[in-house]
Amino acid sequence: RYTTAGGSNIKNAQPFDVLYKNMQIALAHNGNIVNVKNIKGILEDSGVVFNTTSDTELILNLFARNIKYGEVFAIKELCQLISGSYALTITLGNKLIGVRDVNGLRPLCIGENSRTYVIASESCALDAIGANFVRDVEPGEIVIIDEDGLHSYKIDTSAERKMCIFEYVYFARPDSVIDGISVYKSRYNAGKIMARENPTDADIVIGVPDSGIPAAIGYAKESGIGYGIGLIKNKYIGRTFIQPSQKMREEGVAIKLNPLRDVLEGKRVIIIDDSIVRGTTSQKLVKIIRDAGAKEVHLRSASPPVISGCYYGVDTPSKEHLIAANMSINEITQAVGADSVGYISLEGLIKATGGSGCDFCKACFDEKYPITIPHNI
Ligand code: SF4
């Protein structure tokens, strides 16, 4: 996984692969455990030694300590202790195990090809290996695959489904379907809704590659303004958002995106990005487009204002660095150097997914965290 906590170094690289009592265990984790400090502290006080700064090692340790009672028991026990988001894949001997946290904050799905079952975070990974999508792993479900097939167990919980809505905005790939919702369609719909909520006169609509493109197409379709490719993405650079430092992220924008002067010169441009987080990327984008000759630049965000940090595995900064938590729309417009700035509403985003508002975690937009955040996180 990309670094959400614990530092970006080789020791924290996944999967964690260990030999425990002659059993080979490999474990990979997408998410973030919020009470890691508390549990780790207790274990360290009793003499347990950790080799890394990753919360994944804690999960592995808790799993191993009860494995003698069977893997289902061991997982249920560890799920009673850890709090936060976790989609886990574990191999244990000839077994493949998948676990999704009780709120289903992070996605996990099951696929099947002619030889075996597979488990992946996103359905696009199944397509890549020629496997058919079988179903999503349910929140609070343990799936064990062995030579007898697929076995499902439920973790006792009254927790509500709270899939991260930001997966649909930015994180997941557009060619994935998560919990029955197409990521592409939800982004396209968000663009259409935004065109109704935030209309403006312009000559062209462009999207910030890659995650802003479907919303830009939707905005163009709904507004009747032509869609164009105004920014070319360097194929050889990864996602700037998941670079481990802010400096690397900012440097990444200029290396990653180059404007198409032929498309932008003399035009009133609407540019759609998936989100506006710190505002530094937006500022750079607006400048790139103006420098390419655009007459006006209107920035639209396909997510509502990000006003609070994420503790569940998306590396958003703390509140003081979030532009929407500290400035009004007018101030943001000035700060990023745009002619106008507009956001989709939270209701609009929920509508775009086609899901029910209660089924999502939306805490970075409304500060209603589904899992209590310990004060010492
Ligand atoms: S706080 Fe935001 S990014 Fe984090 S899980 Fe909730 S919706 Fe997703």
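Predicted model: local features only at pLDDT ≥ 70, side-chain atom pairs only at ≥ 80, totals over all residues.
Residues are numbered from 1 along each chain as its sequence is written, and side-chain values use heavy atoms, with hydrogens and water left out.

View 1. T52 is found in the loop between helix 1 (36-45) and helix 2 (55-65); helices (H or I, at least four residues) and strands (E, at least two) are DSSP runs numbered from the N terminus. T52 counts as buried because its relative accessible area is 9%; buried means under 20%, exposed over 50% and partly exposed in between, with a 1.4 Å probe and protein chains only. The side chain of T52 makes a polar contact with the side chain of E57, at 2.7 Å. A polar contact is a pair of N or O atoms within 3.5 Å; within protein, one must be able to donate a hydrogen and the other to accept it, and residues adjacent in sequence count only if both atoms are side-chain atoms. Leaving aside neighbours within four places in sequence, T52 is in contact (heavy atoms within 4.5 Å) with K11, N12, F16, K40 and E57.

**View 2. The largest nonpolar core.** This core has 45 residues, of which F166, V205, I272 and F365 touch the most other members. A nonpolar core is a set of buried Ala, Val, Leu, Ile, Met, Phe, Trp, Tyr and Cys residues joined through side-chain atoms within 4.5 Å. Among the elements that give two or more residues to the core are helix 6 (183-197) and strand 16 (268-273). Another core, of 31 residues, lies apart from it and includes I25, F63, L78 and I142.

**View 3. Helix 6.** Helix 6 has 15 residues and reaches 21 Å from its first C-alpha to its last. At its start, a side-chain oxygen of S182 comes to within 3.4 Å of the backbone nitrogen of Y184. Buried residues in helix 6 include V183, Y188, I193 and M194.

**View 4. Cysteine C109.** The structure holds zero disulfides, a disulfide being a pair of cysteine sulfur atoms within 2.5 Å. For C109, the nearest cysteine sulfur is that of C124, 8.4 Å away. C109 counts as buried because its relative accessibility is 0%.

Note on methods:
Expected span 1.5 Å × (residues − 1).
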